[in-house]
Amino acid sequence: KKIPIILINGRITENSYNKWKKLTFFSNDIFSKINLCFPSSKQSEKYLKKLGVKKIKLIGNLKFSQSENEKLLDQNKEIKKFITNKKTWCASSTHKTEELLCGIVHKKLKKKYKNLLTIIIPRHINRSSSIMNELKGINLNTVTRSSGQKISKNTDIYIADTYGEASKFYELSKITFLGGSLIKHGGQNPLEPARLGNYILHGPNIQNFKEVYKMLSKLNISSKASNINNMKKIILRKIEFKQTSTKIKKLNLIGNDILKRNLVEINKFL
């Protein structure tokens, strides 16, 4: 029916590209029908061009943007008080095996900080029971958010296994490890904890957000850790980290600029 198709913040991984490439008779027909495309990265731009997208313009990743009206949810006062009285770090969007590694890091860190609390925010909350059993297996006192159980003084790990509450915990933390990066997954988006003042820690597998991490590295608010001992050393250095409002403002300015330029180009096209 000749309805224009605009692909906004288009992302395609090397793995997806290789799959589409096997179906060129089909993929060329589909991708050539996209009238205007804004890829989220240089890598996606390259792959989308090869798949047949004709009009393509790289402006930037919309994940840098956030709503000006976004409000953080209120945190439970009792939990907030408990967390702020602890030395706290987060492990967010974690995948299988990463929680256990974070638990081992916690045990190593606890030799220095007796009042340490590690908050684990799993990527898939349906795994919380197995994560809890794994951590109990290495003698860590663990409580899940969903249980409603009171956090005791000797709690080591707090598993935030509820939807839409990650920002509450980023607000109360100084450093966040982003999961999907110690395993071959490609990493998760680190921008939300970075905006909320956290130093970002990640593993070597960050190809899904390579350009975002490059920006965080330029701002000196991220580090790569390839193993448990690396993680421990960086957390020891950064657990007192205080991100400046200038760096947060820089991230927001980048996001606002990308959003505005996307809108200008779409209006031109329409």
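In which helix is the place of Phe 26? Phe 26 sits in helix α2, residues 24–31.

**View 1. Overview of the predicted protein chain.** This is a predicted model, in which local features need pLDDT of at least 70, side-chain atom pairs count only at pLDDT 80 or more, and totals for chains, interfaces and linings use all residues. Residues are numbered from 1 along each chain as its sequence is written, and side-chain values use heavy atoms, without hydrogens and water. The protein chain has eleven helices and nine strands (DSSP runs, H or I of at least four residues for helices and E of at least two for strands, numbered from the N terminus). Its C-alpha atoms fill a box of roughly 65 × 40 × 35 Å along the principal axes. Of its 270 residues, 48% count as buried (under 20% relative accessible area; exposed is over 50% and partly exposed in between, with a 1.4 Å probe and protein chains only).

**View 2. Phe 26 and a nonpolar surface patch.** Phe 26 is partly exposed, with a relative accessible area of 42%. Together with Leu 23, Phe 25 and Ile 30, Phe 26 makes a patch of about 400 Å² (patch residues have over 30% relative accessible area and no salt bridge, and nonpolar side chains are joined within 5 Å; a salt bridge is a side-chain nitrogen of Lys or Arg within 4 Å of a carboxyl oxygen of Asp or Glu).

**View 3. Ser 44 in helix α3.** This helix spans residues 42–50. Ser 44 is buried, at a relative accessible area of 1%. Beyond its neighbours within four places in sequence, Ser 44 is in contact with Gly 10, Arg 11, Ile 12 and Pro 39 (heavy atoms within 4.5 Å).

Technical notes:
Patch = residues over 30% accessible without salt bridge, like charges linked within 9 Å, V, L, I, M, F, W, Y side chains within 5 Å. Areas by Shrake-Rupley, 256 points an atom, 1.4 Å probe, with all protein chains shown as cover.
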